[in-house]
Amino acid sequence: MYLDLPAIGACIRARRTEAALTQAELAERLSVTAQAVSRWERGESLPDVATLPDLACILGCSVDMLLGGYSGT
C-alpha cells in the first residue's frame, strides 16, 4: 500500500479546521505535541498507529479516510 504523506497531511489539516480545532488543541486531545501535528499536516511524518483511531474519532472520519488522504473537499 502506497501512502501519500502530503495528501494525508492535507486531509488531517482540512478535517482539523472543519472541527474548529487548533493544532495545539488537537495535540492536547491526543497527548502529542503541537509540533507532531504540524509534521503530520506538512506530510513529514504520520501519526502513530495507536493514535489513528482517536485521531479519526476526533476529526469525525474513518482511519481509512485519513490514510487515503481524502479531505472531503
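Predicted model: local features only at pLDDT ≥ 70, side-chain atom pairs only at ≥ 80, totals over all residues.
Trainee: Which residues touch the most other members of the largest nonpolar core?

Mentor: In soluble globular proteins, nonpolar side chains tend to be buried together. A nonpolar core here is a set of buried Ala, Val, Leu, Ile, Met, Phe, Trp, Tyr and Cys residues joined through side-chain atoms within 4.5 Å. Buried means under 20% relative accessible area, exposed over 50%, and partly exposed in between, with a 1.4 Å probe and protein chains only. The largest core has 15 residues, of which I12, L26, W40, L55, L59 and L66 touch the most other members. Two or more residues come from each of helix 1 (5–18), helix 2 (23–30), helix 3 (34–41) and helix 4 (52–59). Helices are DSSP runs (H or I, at least four residues), numbered from the N terminus.

Trainee: What does L59 contact beyond its neighbours within four places in sequence?

Mentor: Contact means heavy atoms within 4.5 Å. On that basis L59 meets I12, R15, R16, L26 and L66.

Trainee: And where is L26, and is it buried or exposed?

Mentor: L26 is in helix 2, and it counts as buried because its relative accessibility is 0%. Setting aside neighbours within four places, its contacts are R16, L21, V37, L55, I58 and L59. The C-alpha atoms of L26 and R15 are separated by 11 Å, with the two residues 11 apart along the chain.

Trainee: How do I read helix 1, and which of its residues are buried?

Mentor: An α-helix has 3.6 residues a turn, so residues three or four places apart point the same way. In helix 1 the buried residues are I8, G9, C11, I12, A14, R15 and R16. Their cover includes helix 2, helix 3, helix 4 and helix 5 (63–68). You can check the length too: the expected span is 1.5 Å times one less than the number of residues. For the 14 residues of helix 1 that gives 20 Å, which agrees with its end C-alpha atoms being 20 Å apart.

Trainee: At what angle do helix 2 and helix 3 pack?

Mentor: Two packed helices are described by the angle between their axes and the distance between the axes. Helix 2 and helix 3 pack at about 110°, with axes 8 Å apart. Helix 2 is therefore roughly perpendicular to helix 3 (65 to 115 degrees counts as roughly perpendicular, under 35 as roughly parallel, over 145 as roughly antiparallel, and the rest as oblique). Q23, A24, L26, A27 and L30 in helix 2 meet A34, V37, S38, W40 and E41 in helix 3.

Trainee: Is E41 buried or exposed?

Mentor: E41, in helix 3, counts as buried because its relative accessibility is 4%. Not counting residues up to four places away, E41 touches G9, A10, I12, R13, R16 and Q23.

Trainee: Which loop holds A20, and which holds S31?

Mentor: Most residues other than glycine have a negative phi. A20, in the loop between helix 1 and helix 2, has a positive phi of about 60° although it is not a glycine. S31, in the loop between helix 2 and helix 3, also has a positive phi of about 60°. A20 counts as exposed at 63% relative accessibility, and S31 is exposed at 69%.

Notes. Residues numbered from 1 in each chain as written. Heavy atoms only, no water. Axes fitted to C-alpha atoms, helices over the stretch in contact; angles between N-to-C directions.
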